[in-house]
Amino acid sequence: MIIFLALMVVGTFFLGVQDVVQKRSLLEGIDDQLLLGVSWVLAGLLLLPILGVIGIPEIKPGFWQAIAAGVLLNSFSQNIFIRAFKLADASLVAPLRFLTPILVIITGFFILGEVPTLGGALGIFLTLFGLILLAWQEDSLFSWRKFVSGASKNEGFLLGVLGAVLFAFSLPFDKK
């Protein structure tokens, strides 16, 4: 459990760094598709040594359907999410990722037949509570007041929500 938590903290830190770098790069005029392609290539290069050590996993029934759905959904969601970053502030779009685990409770049940453990459900609702606290801040870019008064009309915000929903559908296929 400690290793998992340590990896989550490090992963979350680097995800935040990636969000800031991507937003800055987009503001500097770098093409969003080039930026997305570089991210995918770098992720693939990081995975190669791991595959070299543990080998390629056994392909089981249902693999090809799951990978087709996962690739399709991830391609759309990644493209939508980077366009959301292009159109809106990173501090408005990045917290929308917190919607994904909440929705995965539903998509995981329907796609995989999974029922989350009590600890898993508590963790997901703790994430939701964190999102609510973040949104409750009056001076936050991601506040309920801004959501009600205009963020819902912001195309970047709406694309971020759509991307989070698509990620919620792709995660069960990724797991499969």
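## Salt bridges

The side chains of Arg 97 and Asp 19 form a salt bridge, with an N to O distance of 2.6 Å. The structure is a predicted model. This pair joins distant parts of the chain, 78 residues apart: Arg 97 lies in the loop between α4 (90–93) and α5, and Asp 19 in helix α1. Arg 97 is partly exposed at 23% relative accessible area, whereas Asp 19 is buried at 5%.

A search of the whole structure gives four salt bridges. Another one pairs Arg 83 with Asp 32 at 3.0 Å, N to O. Arg 83 sits in helix α3 (residues 63–87) and Asp 32 in helix α2 (residues 32–54), 51 residues apart. Asp 32 has a relative accessibility of 4% and therefore counts as buried; Arg 83, at 40%, is partly exposed.

Lys 175 bridges to Glu 114, with the closest N and O atoms 2.5 Å apart. Lys 175 belongs to helix α8, and Glu 114 to the loop between α5 and α6 (118–136). Lys 175 is exposed at 56%, while Glu 114 is partly exposed at 32%.

## Packing of α5 and α8

The axes of helix α5 (residues 99–112) and helix α8 (residues 155–175) come within 8 Å and cross at roughly 45 degrees, so α5 is oblique to α8. The crossing is right-handed. By class, the contact has 14 nonpolar, three polar and one charged residues. Residues of α5 taking part include Leu 103 and Ile 111, and those of α8 include Phe 169 and Lys 175.

## Gln 22

Gln 22, in helix α1 (residues 2–27), is buried at 7% relative accessible area. Beyond neighbours within four places in sequence, Gln 22 contacts Leu 35, Ser 39 and Ile 82.

Notes. Residues numbered from 1 in each chain as written. Predicted model: local features only at pLDDT ≥ 70, side-chain atom pairs only at ≥ 80, totals over all residues. Heavy atoms only, no water. Helix = DSSP H or I, 4+ residues; strand = E, 2+ residues; numbered from the N terminus. Buried < 20%, exposed > 50% of the residue type's maximum accessible area, 1.4 Å probe, protein only. Contact = heavy atoms within 4.5 Å. Axes fitted to C-alpha atoms, helices over the stretch in contact; angles between N-to-C directions. Parallel < 35°, antiparallel > 145°, perpendicular 65-115°, else oblique. Left-handed = near helix turned anticlockwise from the far one by under 90°. Nonpolar A, V, L, I, M, F, W, Y, C, P; charged D, E, K, R; others polar.
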